[in-house]
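Please consult the sequence and structure shown here.

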Amino acid sequence: MLGGDYAAAVRILKPLADNAARPDPVAQFFLAILYDTGHGVPPDPLRACGLFLAASDKAHPFSH
C-alpha cells in the first residue's frame, strides 16, 4: 500500500478483513482507507464506514 500497489494491497487485505471466523481489525482499517479513497477498488463510502466500524470493535494499534 505504501509503495502504491493498491491492487496487491486489496488482494492481501480483503481475505484477512473479511474472514468470518477471525476478521483482522488492522486489515479492516487499511481496507477501509482503500475503499474511502478509491485506491485499488471503486470508491465505496458505505463499505469504508462498515469496515471502520468493524475495526473499531477490537483493540489494535490504530483504534485509539
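## Buried face of helix α2

P25, A27, Q28, F29, L31, A32, L34 and Y35 are the buried residues of α2, where buried denotes under 20% relative accessible area, exposed over 50% and partly exposed in between (1.4 Å probe, protein chains only). These residues pack against α1 (6–17) and α3 (45–56). Helices are DSSP runs (H or I, at least four residues), numbered from the N terminus.

The model is predicted: local features require pLDDT of at least 70 and side-chain atom pairs pLDDT 80 or more, while totals for chains, interfaces and linings use all residues. Residues are numbered from 1 along each chain as its sequence is written, and side-chain values use heavy atoms, leaving out hydrogens and water.

## Salt bridges

A salt bridge places a side-chain nitrogen of Lys or Arg within 4 Å of a carboxyl oxygen of Asp or Glu; the count is 2. D18 pairs with K14, with the closest N and O atoms 2.8 Å apart. D18 also forms a salt bridge with R47 (2.8 Å, N to O). R47 lies in α3 and D18 in the loop between α1 and α2, so this pair ties together parts 29 residues apart in sequence.

Notes. Helices (H or I, at least four residues) and strands (E, at least two) are DSSP runs, numbered from the N terminus. Contact means heavy atoms within 4.5 Å.
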